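Hi everyone, thanks for coming. Let me put the model up, and then I'll walk you through a few of its helices.

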Amino acid sequence: MAKVKRSPWLLHYDGSSCNGCDIEVLACLTPVYDAERFGIQNTGDPMQADILLITGGINAQNQAVVKQLYDQMPRPKVVVAVGVCACTGGVFKDTYNILGGADTTVPVDIYVPGCAARPQAIIDGIVKAVDLFQQHMDNHEEFLKNPDEYMKKNHPEVDFKKGE
Amino acid sequence: MMKIALSVIIFLIAAPILGCLLDGGDRIISARMQGRIGPPLLQPYYDVSKLLQKQVIAVSRSQSLLIQMFFFTQIFTGCLFFAGFDIMLCFFILSTGATFLVFAGSVTHSPYSSMGASRELLQMMSYEPAVLMTCLGFYLAGGTFNVSELVQSEKSLIMYLPGFFVAYVFSLTIKMRKSPFDLSTSHHPHQELVKGITTEMGSRNLALYFITEWYENIFLLGVVGLFIINKNPWSILAAVLVVLAVYFFEILIDNTSARVKWDKMLVITWIVTLVSAGTNLLVLMLIK
C-alpha cells in the first residue's frame, strides 16, 4: 500500500475569521505556491477530508458546527489551527461572544501562528500535519497487528480490554 | 471462447491502470493549463489507496451495496464491449448501472447528494439520445451491432459517421463529468453543491466510485476507438492517437468553460445530437 501521506485532503472551515487567513489559505492553492504538488486538495466535504483546517476563533454560534464537522470526518484525522485567532482567540479573545481558539472545541494537533498566517507557514503546518496523519495510520496498523503489545508499549496505564 | 476470456482478463487488469494514468495525466495537464506544476502522475492511485485505508463511515447501509452494484455493472459493460459483444447491450447496461449511482446518491437524503442525484438523471436524459444514435449509426454503417464484426470493417466507420462522432464526443463531456456539463459532481473541489452526488461517499465507497470511473472512461474511449478501427492492424495505432486527442480536447474544454445550468445543457446537447447525428443519419440512409 502507498503511504497515506501522499494524499492529504483538506477541509477548510472559517470560524469567525476576518478572512485574512482564509485568503492566505486559498493563496496556497494558486500557481505561486501550488499545494497540489503534494497531493493536497481542498475538498468541501468532511466525509472525504483528512485534515481539518480552522481559521478564526470559535464563537457560541459556530461551536456546534465545528464539532459536527470534526465528528463527520473518518479516522485518522488531524486538526490544524491557522492564524492566531484559531490558536488562542487572538485580539478577540476577551470579546463576549468568543469562546477562544479552536482547541476549546476540538483537539488541535498543529498550531500555525501569524496574523494573517503566511502561506509558507500554512504549507509548513500542513506538511507537519501530513506527517502526523501518516503516524496515526502507522500506529493504527501496528495496533491491529498486535493490540496487547501495542497498548503495553504505548499506554501501559490503560487496560483497553476492560474498555477503560 | 479462449479469445473472449483473454480479452476480458486483459480489460479487467489493464483498464484500471490505464484509467488511473489517464486521470493522473489529466490532473497534470489541467495544472499546467492553469500555470501550476500539478501533482505526480500516480496521484489518483495514492488517493484511492488512502481512501481504502480510512475508517468506513456510511450514512446509509444500503449505500455501500448500491455503489458495489454500480461498480460491477460498469465493469461488466466494459467486459462485454472488449469481448466483442453487442454494443447496444453495452450501452443499456451502462445506463442501468448509472441508475445505481443515482440511488446511492439519493438514499442518504442529504440535500446536496439528492440534488446531485437528480442532476445526474438530467445528465442521463441529455446524453442518452446521442448514445443511442451512435449505436444506430454503427448498425447502419457496419451492418451489425457486434463489436467483434464492426472492428473487421473495410473502411474506418468514421468515414460514414462523422456527424455521429461529433455527437458522441459532445456527449462524452457529460459522461466524463467535465465542465461545462459537470452538474452532478465535479472533479474540481469546492463547488456549489459541495461534491454533488458523491457528497455522502467517503473512504471505501469513494474509492470504489473512482475505480469505477477509471473502468468507465476506458470503455467510453474504447467506443471512440471503434469509430477509427478497421481490419488493417495499423488502424489500432490511429485509434489510440484519436482517443488521446479526444481526451486532450475534453481536458481543454474542462479548463476553458464555466458550468452551465441544466436546461441549457439539455437544449445544447439535443440540438447538437439532432443536427449533426440527424443529418448524418439522413445522408447515410440516402446513400446506403
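I'll talk about some helices of chain B and then about the side that touches chain A.

First, the housekeeping. This is a predicted model, so local features need pLDDT of at least 70 and side-chain atom pairs count only at pLDDT 80 or more, while totals for chains, interfaces and linings use all residues. Residues are numbered from 1 along each chain as its sequence is written, with chains lettered from A and ligands numbered from 1 in the order in which they are written. Helices are DSSP runs (H or I, at least four residues), numbered from the N terminus.

Let's begin with α3(B), residues 61-82. Its end C-alpha atoms are 33 Å apart, which agrees with the 32 Å that 22 residues should span at 1.5 Å a residue (the expected span is 1.5 Å times one less than the number of residues). Among its buried residues are Leu66(B), Ile67(B), Phe70(B) and Phe82(B); buried means that 20 or more other C-beta atoms, placed from the backbone, lie within 10 Å of the residue's own, and exposed means 12 or fewer. The cover over them includes α1, α4, α6 and α8 of chain B. After the helix comes Gly84(B), with a positive phi near 90°.

Now look at α9(B), residues 235-256. Where do its buried residues sit around the axis? They are Ala239(B), Val242(B), Val243(B), Tyr247(B), Glu250(B) and Asp254(B), and they fall within an arc of 140°, so they line one face of the helix (the arc is that of the directions from the helix axis to the C-beta atoms). They pack against α1, α7 and α8 of chain B. On the other side, Leu237(B), Leu241(B), Ala245(B) and Thr256(B) are exposed.

On to the partner chain. Here 27 residues of chain B are in contact with 20 residues of chain A, contact being C-beta atoms, placed from the backbone, within 7 Å. The largest share of chain B's side, seven residues, comes from α2(B), and α8(B) supplies at least two.

Finally, how do α2(B) and α8(B) meet? They pack at an angle of about 145°, with axes 7 Å apart (axes are lines fitted to C-alpha atoms over the stretch in contact, and angles run from 0 to 180 degrees between N-to-C directions). From α2(B), the contact uses Pro44(B), Val48(B), Leu51(B) and Leu52(B); the α8(B) residues include Leu206(B), Phe210(B) and Ile211(B).

Key. Contact = placed C-beta atoms within 7 Å.
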